[in-house]
Amino acid sequence: MLSDELKKQIQLAYRASLDAKSHKPRAGQRQMIGAIARTLGNIKQGTEGERLDEKHVAVVEAGTGTGKTLSYCLAAIPIAKARGLKLVISTATVALQEQILHKELPDLLEHTELNFKYTLAKGRGRYLCLNNLEGFLSSEEQAIDDMFAGLFEQHLQSDDVNTALYQEMDAALEKGSWDGDKDNWEGVIREQDWRRLTTDHQQCTNRNCANYSVCPFFKARAEIEVADVIIANHDLVLADLSLGGAILSAPKETIYVFDEGHHLPDKAIGHFRHEVRLQQSIVWLRQLEKNLVNLKQELTDDVSLTGQLLLKIPQQIQSIVNFIQYAQQGLAPYIQGLGLDQENNQHRFEFGLIPDELRQLAYSLQTSYQKLFNNIESIQDECKKTKQNEGMGITPETAETWQPILGVILGRLEQSVSLWRLYSIVDDQNYPPNARWLVLSGQGMEQDIELGGSPILAANTLRQQLWDKCFGAVVTSATLTALNQFHRFNMRSGVPLESEYLRVLSPFDFQENGLLIVPDMENEPNRVEQHTAEIIAYVNKSVDIAKGSLVLFSSRRQMEEVSLSLSDKLKEILLMQGEQSKRVILDSHKSRIDDGKGSLLFGLASFAEGVDLPGNYLTRVYIAKIPFAVPDDPVEATLAEWIQKRGGNPFMEITIPDASLRLVQATGRLLRNEKDSGEIHILDKRLKTKRYGAQLISSLPPYRYQ
């Protein structure tokens, strides 16, 4: 049970926080604090601190304006501290992460009696590797870089090394004016310049590194170890779970809060989606074989373990190449027209089922790649031993040079092992299948076959790696339900059904402040030309050139066609996605409104979520059509197939709920605070003529409907 002392601590902190901002208590906010506090506070702990309860997850949909961040911080921070646990707050966007880091948590510390330490957690890729910086400031590293150009797309490139930038960084580190965090560098860094300076878990030598004590990443990690609250993002949390806790605390010792939690299932699927190009793999392996000859030439003892391991590599590579060539031959019928979709040059294997011959080849490839991986990992281990004066056959200088290179190789091999493992297994009939597909890319001599594979749902993986292992968790967002139910989120996330579920309504007066208009259109969106012509006429007639407006499209082509046919007055105030960065476009839009002028935004899906334009910045939102998903994604297509096989209706179980979620997000751009007002225009007659149209409208906030 939640102790009286913790209840009092949370209540006092809530009052102090409200008083500091001159805010009044909100019913929805109190509901949310109570639900989270009950869920986390009632979890029973064993003698070793382990969780004994199964009802340990709270799923809270909280409408815009509820004050979600304050709610979960007030409820979770005192409970996590009292139980000796870490609190990890994970977001999907940098904007929210920065808001929590620079505003919400500092405000709590300043205005309440809560006492806690917090820090921001980032992956290794955001931090400078001092070894790499030192290497690129020496002529030797440039020679090595040139030697391996073309082999490591993600690490070493043969284009010009920005020595001036690296010297500037080195000087800043010496002065202490920079901490090695990319986000804290004041100047502009090109991606290729930064990529050279970073490392990953395969390349990093950890405590064996000469720069370990001053490493920016490990210094940041030391802060994580003493922090009570860790701010992260979904990608980092998922990557850390898959690595068994390389950066964050162990799940059993952690309470997680997933803000913007509706992104979590898709993020999780992305972590287990793999794609490999066959001919590109052969070229890469040949290049790898050629370059590893250089390592053999640097050995001081050919009969050392490293020398023996290197002797096996040509044969292992040839074996893999042979199997890939067999796979290319076996896939030839699909390329020659057997089931290849001519629009996207893609063939999706129905229900994820592949021919037995391909599955057997995949098993051989997985095994062969794994042997090569193990071999190179053993060579890397020898490099580590050499640096500890235990290895034989390699000088410390050679080991220092080769260890990060071998790490890059291992990372590439790991991807191939994962893809071929996914193709070699027979899916368990008790669980959703994996999607498998091929894509024909390039033309002529550049033509290649790309094989892809992915789970169709992340539910089982999240259940095993996250929900079953964590001490407690909170998932929150303004859009967790679809068609007023949590079913869609449950199916995709695997959150336990016995979790605490709560919907907290927004405090906004939607009836008074928001007008929803569905005009009488003559054409449905499937009559593309006619529908586009109607949109052009409607926008030209309806948009107020003196105000802030946003038009959301599902198709870039339609967006561009409409933009070309706008009136001259609207063209003068148009800002269209793709012409500049999102941030520049939004800043320009705000600047125009601040100057008393009008501004018209044209955007796609990324402008339908996470765009915050309160007050006069946005008073009209136009939605070109119901945002149904494009049906050509092989993962979603396989999911639909699986649902249909089980007797379900994919359109009603996937397409409509997904569209409902996107429509709520899109209409949510209008009212961002309690004083906002304006109009939403949805230019799709199906909302009036189709049975599902009424369902979609009823799932929206209660706008005044016209």
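The lining of the largest cavity divides into two nonpolar, three polar and three charged residues. By class, Ala, Val, Leu, Ile, Met, Phe, Trp, Tyr, Cys and Pro count as nonpolar, Asp, Glu, Lys and Arg as charged, and the others, Gly among them, as polar. This is a predicted model, where local features need pLDDT of at least 70, side-chain atom pairs count only at pLDDT 80 or more, and totals for chains, interfaces and linings use all residues. Residues are numbered from 1 along each chain as its sequence is written, and side-chain values use heavy atoms, with hydrogens and water left out.

Back to that cavity. Its lining residues are S17, K21, L70, E104, D107, L108, H111 and T112. The volume is about 50 Å³. A cavity here is a set of points, on a 1 Å grid over the protein atoms alone, where a 1.4 Å probe fits but cannot get out; lining residues have an atom within 4 Å of a point. Grid points are joined across faces, edges and corners, and the volume is the space filled by probe spheres set on the points.

Which helices supply at least two residues each of this lining? Helix 1 (4-21) and helix 4 (94-111) do. Helix 4 gives the largest share, four residues. Helices are DSSP runs of H or I, at least four residues, strands are runs of E, at least two, and both are numbered from the N terminus.

Now look at those two helices together. The axes of helix 1 and helix 4 come within 9 Å and cross at roughly 105°. Axes are lines fitted to C-alpha atoms, for helices over the stretch in contact, and angles run from 0 to 180 degrees between N-to-C directions. Helix 1 and helix 4 are therefore roughly perpendicular to each other. On the scale used, angles under 35 degrees count as roughly parallel, over 145 as roughly antiparallel, 65 to 115 as roughly perpendicular and the rest as oblique. A16, A20 and K21 of helix 1 meet K103, E104, D107 and H111 of helix 4. Contact means heavy atoms within 4.5 Å. By class, this contact has two nonpolar, one polar and four charged residues.

How many cavities of 30 Å³ or more does the structure hold? Two. Helix 16 has the largest share, with three. The classes are four nonpolar, two polar and no charged residues.

Two strands pair if DSSP finds at least two bridges between them.

Three bridges join strand 3 to strand 4 (residues 229-233), running parallel. There, L120 stands opposite I231 of strand 4.

Strand 12 (residues 514-517) pairs with strand 18 in the parallel sense over two bridges. L515 stands opposite R704 in strand 18.

Last, a helix pair. Helix 23 (residues 634-645) and helix 24 (residues 650-667) pack at about 140°, axes 8 Å apart. These two helices are therefore oblique to each other. E636, L639, A640, I643 and Q644 of helix 23 make the contact with P650, E653, I654 and D658 of helix 24. That contact has five nonpolar, one polar and three charged residues.

Technical notes
1 Å grid on protein atoms, 1.4 Å probe; cavity = no way out; pocket = protein on both sides within 12 Å on 5 of 7 lines; lining within 4 Å.
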